Amino acid sequence: MLTTIVIFILVYFMGTRLYPAMQKPQVFFNLFINTASLMIVSIGMTFVILTKGIDLSVAGMIALTSAASAALLAKGASPAVVMPLMLLMGIAFGFTLGSIIHFLKVEPFIVTLMGLFFARGMAYVITLEGLPILDPFYRTLALTKVPIPFFAKAYVYIPSLVGPLLLLVVVYLSFFTRFGRTVYAIGNSEQSARLMGLPVGRTKITVYAFSGFCSALAGIVWSISLLSGYGGYAPGMELDAIASVVIGGTLLTGGVGNVIGTLFGVLINGTIVSILQFNGTLSSWWTRIGVGVLTLIFIGIQSLFYMRKKHS
């Protein structure tokens with residue numbers, strides 16, 4: 001995690017030296033605006049990877065949530081009904097995937113890949129084209145600026161606050177609850193956790209249900225930010241989330257890592273995007289290249305850490 005924080009500072013400092021306009025406080029707070037949905041799904045993904053699992057369905061759930069929200073709102077449904085309904089859908093979806101993984105002993109990669117295809121397919125069943133969201137409440141949430149204290153003229157939007165608030169909740173769950181300790185125990189050794197009498201099956205299912213909740217919440221934030229719904233939204237975000245978690249210091253072998261590191265992994269992703277935007281001449285695919293290189297570096301660091309731990 002310390003390596004991740006140092007890399008974030010170095011990358012951001014390099015950006016401010018190359019492009020002085022990045023020194024404005026608003027550019028930093030734009031990272032939270034631009035990565036609002038990615039931050040939320042990455043938080044859920046962190047718990048999944050801590051249990052030595054994976055969830056490839058998150059981007060599909062974002063698309064499905066945005067499309068279903070837009071369709072329901074277009075038919076006159078109230079946001080007070082639509083938002084809780086989408087969250088319940090995400091929880092039920094994640095619960096189903098977790099149950100299949102636990103009870104049928106199917107690899108998480110296969111189950112969640114199926115979930116990705118199913119969710120995105122259902123989004124296209126709802127609509128083959130983008131649906132605008134005209135609901136006044138959604139528009140108010142999307143356009144209301146929240147000023148940042150002590151920073152003149154700096155602001156974020158209301159949806160941008162969801163990720164940081166969720167982060168605080170998850171930090172508490174991770175370090176100060178029985179559930180969080182059980183997650184880490186499962187990641188370190190599922191067999192040992194069973195022998196200790198910990199509720200392994202229930203916890204694993206809960207973790208995937210929580211990831212489904214985060215995906216649906218990210219879908220709501222996405223649909224508010226863009227004021228539309230479409231089955232093609234968030235392409236490849238599941239890979240961005242995994243990369244952010246790995247860059248944040250969470251081991252793919254489970255049991256080591258935390259959501260604070262994930263936060264900085266997401267910010268590194270957003271900083272690379274900002275640098276490319278200020279450059280204006282480079283392809284957006286350089287973001288993928290940069291994140292890919294960093295992910296490979298961190299996987300190498302993890303491998304060295306694992307080998308050192310194994311021989312000690």
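At 39% relative accessibility, Arg194 is partly exposed, a label for values between buried (under 20% relative accessible area) and exposed (over 50%), found with a 1.4 Å probe on protein chains only. This is a predicted model, where local features need pLDDT of at least 70, side-chain atom pairs count only at pLDDT 80 or more, and totals for chains, interfaces and linings use all residues. Residues are numbered from 1 along each chain as its sequence is written, and side-chain values use heavy atoms, with hydrogens and water left out.

Arg194 pairs up with Glu190 in a salt bridge, with 2.9 Å between the closest N and O atoms. The term means a side-chain nitrogen of Lys or Arg within 4 Å of a carboxyl oxygen of Asp or Glu. Both residues sit in helix 10 (residues 190-195), four residues apart, or about one turn of the helix. Helices here are DSSP runs (H or I, at least four residues), numbered from the N terminus.

Lys204 counts as buried because its relative accessible area is 14%.

Put together, Glu190, Arg194 and Lys204 form a salt-bridge network. The rule gives a count of two salt bridges.

## Over to Ser69

Now for helix 4 (residues 58-74), which holds Ser69. Ser69 is buried, with a relative accessible area of 0%. Leaving out residues up to four places away in sequence, Ser69 touches Val82, Met86 and Tyr138, where contact means heavy atoms within 4.5 Å.

Note on methods
Helix = DSSP H or I, 4+ residues; strand = E, 2+ residues; numbered from the N terminus.
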